[in-house]
Amino acid sequence: MANGIYGLDSSALLGFYQAQRSASPSAQAAANRIAAAQSAGRSTANDVTPWSLPQLPESKRDSQALAMKDFIDTSNVPRVANTADDKKVQDNQNLFSLYTAVNTLAYIVKMAQRSTATPGQMAGLNDRLQAGLQQVQDFIAKTDFNNFALQAAASSDNVVSSAGVPTGSLTYKTKTLATGATINQALPGLSASDHFTVTVKKGGVATDLDIDLSKVTGDLTLGNIVTYINGQLSAAGFQTRFQKIASGETATSTKNATYSLQITPGGVEQV
């Protein structure tokens with residue numbers, strides 16, 4: 001990260017690298033890449049990133065942070081108009097400057113956290129921090145990026161969107177079990193000696209409910225069975241419900257109606 005760099009001019013970056021080359025063998029290679037971009041009059045996504053730049057000694061970083069007035073300065077960054085990737089280049093340059101400014105502000109915070117910092121020094125560092133933060137906020141507010149939107153916001157562990165996201169249905173519907181002519185008759189193939197288990201999982205705990213058809217009140221019609229099952233579910237504290245679903249039924253006639261069974265899990269319950 002360009003922790004000590006406060007401008008994005010290519011010559012400034014090149015000078016920084018040249019000053020550091022005796023201490024870092026890789027610095028000269030980085031400087032050569034910047035020089036090549038400068039001589040071509042362009043800056044691309046392949047240029048050196050701000051976080052890959054060598055760090056200045058602490059004393060020099062302190063001096064730069066305290067002396068800095070313009071935390072964000074893109075006025076001297078080389079750009080080329082009417083090129084195929086010019087918009088991407090502009091975004092890269094703006095992000096380079098913004099990243100550098102934010103990192104400098106983070107360094108100022110670290111300076112204030114030193115055990116040797118006096119109350120007077122902390123007050124001065126706070127003034128520098130607030131001034132820098134305001135510059136960053138102003139830059140974000142007035143800068144339009146080409147390929148994405150950037151805005152200042154409070155840190156959050158969730159995002160709320162106004163767009164609805166459709167989800168798959170969690171209900172289960174059976175085939176036709178009765179018709180308008182048989183809806184009040186016992187379902188074929190069932191007897192009072194039959195029983196089955198409904199397993200409901202909630203909060204990671206699975207509960208088995210024994211559905212004993214001998215305890216159904218009245219004949220084993222679809223409606224009576226649904227009433228009995230829902231009573232068992234309710235007594236166990238679950239919101240899952242079984243429903244009788246009608247198709248083709250009108251307000252005055254059930255002649256062409258067909259009926260099936262639908263299971264609708266309640267809340268976070270799984271059946």
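The model is predicted.

**Exercise 1. Determine the handedness of the crossing of α4 and α5, and characterise their contact.**

Solution. 
- Step 1. The crossing of α4 and α5 is left-handed.
- Step 2. Helix α5 spans residues 119–142, and its axis comes within 10 Å of that of α4, at a crossing angle of roughly 160 degrees.
- Step 3. Angles over 145 degrees count as roughly antiparallel, so α4 is roughly antiparallel to α5.
- Step 4. From α4 the contact draws on Asn-94, Leu-98, Ala-101, Val-102, Leu-105, Ile-108, Val-109, Met-111 and Ala-112. The α5 side consists of Met-122, Leu-125, Arg-128, Leu-129, Gly-132, Leu-133, Val-136, Phe-139 and Ile-140.
- Step 5. By class, the residues of this contact of α4 with α5 comprise 15 nonpolar, 2 polar and 1 charged.

**Exercise 2. Classify the relative orientation of α3 and α4 from the angle at which they pack.**

Solution. 
- Step 1. Two packed helices are described by the angle between their axes and the distance between the axes.
- Step 2. For α3 (residues 58–67) and α4 (residues 86–112), the angle is about 110 degrees and the axes are 10 Å apart.
- Step 3. The range from 65 to 115 degrees counts as roughly perpendicular, and α3 is therefore roughly perpendicular to α4.
- Step 4. Glu-58, Arg-61, Asp-62, Ala-65 and Leu-66 of α3 meet Asn-103, Tyr-107, Ile-108 and Met-111 of α4.
- Step 5. The contact of α3 with α4 contains 5 nonpolar, 1 polar and 3 charged residues.

**Exercise 3. Identify the buried residues of α3 and state how they are arranged around the axis.**

Solution. 
- Step 1. The buried residues of α3 are Arg-61, Asp-62 and Ala-65.
- Step 2. Because these residues cover an arc of only 105 degrees around the axis, they lie on the same side of α3.
- Step 3. Ser-59 and Ala-67 are exposed on the other side of α3.
- Step 4. The packing partners of the buried residues of α3 are α4 and α5.

**Exercise 4. Is Ser-260 buried or exposed, and which residues does Ser-260 touch?**

Solution. 
- Step 1. Ser-260 belongs to strand β6, which covers residues 258–264.
- Step 2. The relative accessible area of Ser-260 is 5%. Buried means under 20%, so Ser-260 is buried.
- Step 3. With residues up to four places away in sequence left out, Ser-260 touches Lys-173, Thr-174, Lys-175, Thr-176, Leu-177, Leu-222, Gln-243, Lys-244 and Ile-245.

**Exercise 5. Locate Gln-239 and assign its exposure class.**

Solution. 
- Step 1. Gln-239 sits in the loop between α6 (222–235) and β5 (241–247).
- Step 2. The relative accessibility of Gln-239 is 53%. Exposed means over 50%, so Gln-239 counts as exposed.
- Step 3. Beyond its neighbours within four places in sequence, Gln-239 contacts Gly-266, Gly-267 and Glu-269.
- Step 4. Gln-239 and Glu-269 are 30 residues apart along the chain, and their C-alpha atoms are separated by 7.7 Å.

**Exercise 6. State how many helices and strands the protein chain has, and in what order the elements run.**

Solution. 
- Step 1. The protein chain has 6 helices and 6 strands.
- Step 2. Read from the N terminus, the order of the elements is α-α-α-α-α-β-β-β-β-α-β-β.
- Step 3. The protein chain comprises 271 residues, of which 33% count as buried.
- Step 4. Of the contacts between residues at least 6 apart in sequence, 63% join residues at least 24 apart.

Note on methods. Residues are numbered from 1 along each chain as its sequence is written. This is a predicted model: local features need pLDDT of at least 70, side-chain atom pairs count only at pLDDT 80 or more; totals for chains, interfaces and linings use all residues. Side-chain values use heavy atoms; hydrogens and water are left out. Axes are lines fitted to C-alpha atoms, for helices over the stretch in contact, and angles run from 0 to 180 degrees between N-to-C directions. Helices (H or I, at least four residues) and strands (E, at least two) are DSSP runs, numbered from the N terminus. Angles under 35 degrees count as roughly parallel, over 145 as roughly antiparallel, 65 to 115 as roughly perpendicular and the rest as oblique. Contact means heavy atoms within 4.5 Å. Ala, Val, Leu, Ile, Met, Phe, Trp, Tyr, Cys and Pro count as nonpolar, Asp, Glu, Lys and Arg as charged, and the others, Gly among them, as polar. Buried means under 20% relative accessible area, exposed over 50%, partly exposed in between (1.4 Å probe, protein chains only). A crossing is left-handed if the near helix is turned anticlockwise from the far one by less than a right angle, and right-handed if clockwise. The arc is that of the directions from the helix axis to the C-beta atoms.
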